[in-house]
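Morning, everyone. Please have the sequence and the model open while I talk.

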Amino acid sequence: MRDLGSRRIAWSLGWSVIAFLYAPLLVMAVFSFNDSDFTGLPFLGFTWRWYSMLLADDRLLESVWNSVYVALGVVGLSTLFGLPAAIALDRFEFPGKRWFGRLVLLPIVLPGVITGVALLLFYMAMHLRLSLYTIMLGQGTGLMCVTITEVTARLRQMGHSVEEAARTMGANEWEVFQKVTLPGVLPALIGAMLISFSISFDEIAVTYLLTGRQNTLPMTLWSLLRREATPEVNAVSTLVIVASVLLIVFGTWLSRRGSGEPVVSPG
Amino acid sequence: MTAIIEARQLQKHYGGPLAVRDVSFSVTEGEFLSLLGASGSGKTTTLRMIAGLETPTAGSVLFRGQDITHVPAAQRDMRMVFQDFALFPNLTVWNNVAFGLRLKINRGRVTHEEIKTRVGRYLETVMLSGHAQKLPHQLSGGQRQRVSLARALVTDPPVVLFDEPLGSLDASMRKSMQLELKRLHRELRKTFIYVTHDQEEAMGLSDRVAVLQDGCLLQIAPPNDIYFRPNSAEVARFVGAANVLEGIVESKGDGVAVVRLAGNARVEARDNTALAAVGDSVTVMLRAEQLRLSPAAPGTDGFVARVTERLFLGEKVRYELCVHGSNTRLSALDTGDQGGFQLGDDLSVSADPRHVRIIGQSPPQRSAP
């Protein structure tokens, strides 16, 4: 046993980290219910006013849907290209494989601003009009790496023998993919989708450079805050946090189920 | 007897030294053949080439006389059991076993009723009927390997390939699985090709053992021959506790060759003496369990050696010996009736000439014919 003093220090350090991380969120959530026109004390009473105002604010709601739309597009793109790339990297030998592996992972270390500027110049050269789709492309190229790293790690962990077993049992390549590889990587794939979704949802650097006439939620919040921190911003942020937590819980549950690990530890 | 599988001068090259070089053998219908070797000997690569999971760099694989070297694994009539079981983690035991049959149903070769009866029967064969609805992670290692066994057997393949199937099980589980494999082979009369690095397992289970080293097939023979009549020092060293020693043939006559070892120790050899003439340097094999030990005294048979280590192994005692006047080292196994010797004791060591085998001529000083 360590002496009581160092334990107390460890506890207080631990709790201060938690407080540092979550207290601001809590404060924000509390003020979203404050019946006052300003974010700040005193607490004048409980109200749903900001939430109802939020639901009436078309511009804000539209930007939420824009964000969801972009995030879904990004998830689609990164899965469409990331999954085959990961399988190719782990399961096949081809010339230039090492360089391919490094190249597809490069965007993860590139600052978003660089990616954004590069894409902006590219779009301008191609005479492409900026829109939500250009944002999708911009974020998708970067977030594809998340899918590739997650799925490759899972494939390594799985090993080759499960697929080989299926093959020796007479499964053709499509059956191997559909019945063995895909169910095997599904937990990792879902995890990557969730990460991509949440990163895309609040991405601002690439989005700022590539956005057209329509705005995503972070952009709208940014412009609102530049004028004034209304409690409406608190309300929408609180809703986003609740949605994120639900998404993560759902994703964890889904991936546990998929990986064959017990969701609830058996009696 | 017809060969069901034939390997013809199989070669595999990954870059670097050859992983498998010129391995040829044939397996008869219903035979249990073990490929025995240390890691890196090429045994698993050879098995995988037979399965179709690797393409040989050269050579060919024949199935009932037909060349299947370039037939994909999915179209070969073989199943494989893997060391890591390779069960489908997201499928129940039942669905794991039914996997191969369900593929056939898509191609209209099997009915739902058949799947039901066959999966049920094979789960019973491997004593897992009560676990059908469990997922692989809920089973013990031994149970998982029995599932993969049932999964391999359920489609009734003529050939089953095993890649160190018991390698990841603990000792007691391995013993009971060995019995089960032997029973299954006897009952089903299928051809088993079995890769292992455990010589006891290979000899205990198989009809024939193929010993591989550095990608070469050294010897293929029934276990008894591999053990008592190894064709090379490598095989002798790999199989059982053999002392492989260098010596010079001093005299020959009446089927007995007297071989002088280092330190002027002499042994008489009666096995395979035709291989050597007087004056030749030869390699002789003395099996550790066939050495006779007695306290050294004037007039006793054999040569003198000192006990340098004593290991109590339960049913036997292993002595490490050093031959007097040399640094030749020997191992001897005493099953308990030769008395307890202590560290530093001088012993008289002798061997029945029938069990002393001349394996070959020593390479460095090959004498002229």
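A quick definition before we start. Two packed helices are described by the angle between their axes and the distance between the axes. Each axis is a line fitted to C-alpha atoms over the stretch in contact. Keep in mind that this is a predicted model.

Chain A, then. Look at helix H3, residues 58-91, and helix H8, residues 173-201. In chain A these two pack at an angle of about 145°. Their axes are 9 Å apart. The crossing of H3(A) and H8(A) is right-handed.

Which residues of H3(A) and H8(A) meet? On the H3(A) side, they include A:Val64, A:Ala71, A:Leu83 and A:Ile87. On the H8(A) side, they include A:Phe177, A:Leu189, A:Met193 and A:Phe201. The contact of H3(A) with H8(A) has 16 nonpolar residues, six polar and no charged.

Now chain B. The domain assignment gives domain 1, residues 3-233, and domain 2, residues 242-361. The centres of these two domains of chain B are 39 Å apart, taken over C-alpha atoms. How many residues of domain 1 of chain B are in contact with domain 2? Eight, and they touch nine residues of domain 2.

Last, one residue: B:Thr191. You will find B:Thr191 in strand E8 of chain B, residues 191-196. Is B:Thr191 buried or exposed? Its relative accessible area is 0%, so B:Thr191 is buried. The cut-off for buried is under 20%. The side chain of B:Thr191 reaches the backbone nitrogen of B:Gly30 at 2.9 Å.

Key
Residues are numbered from 1 along each chain as its sequence is written. Chains are lettered from A and ligands numbered from 1 in the order in which they are written. This is a predicted model: local features need pLDDT of at least 70, side-chain atom pairs count only at pLDDT 80 or more; totals for chains, interfaces and linings use all residues. Side-chain values use heavy atoms; hydrogens and water are left out. Helices (H or I, at least four residues) and strands (E, at least two) are DSSP runs, numbered from the N terminus. Buried means under 20% relative accessible area, exposed over 50%, partly exposed in between (1.4 Å probe, protein chains only). A polar contact is a pair of N or O atoms within 3.5 Å; within protein, one must be able to donate a hydrogen and the other to accept it, and residues adjacent in sequence count only if both atoms are side-chain atoms. Axes are lines fitted to C-alpha atoms, for helices over the stretch in contact, and angles run from 0 to 180 degrees between N-to-C directions. A crossing is left-handed if the near helix is turned anticlockwise from the far one by less than a right angle, and right-handed if clockwise. Contact means heavy atoms within 4.5 Å. Ala, Val, Leu, Ile, Met, Phe, Trp, Tyr, Cys and Pro count as nonpolar, Asp, Glu, Lys and Arg as charged, and the others, Gly among them, as polar. Domain bounds come from an automatic or database domain assignment.
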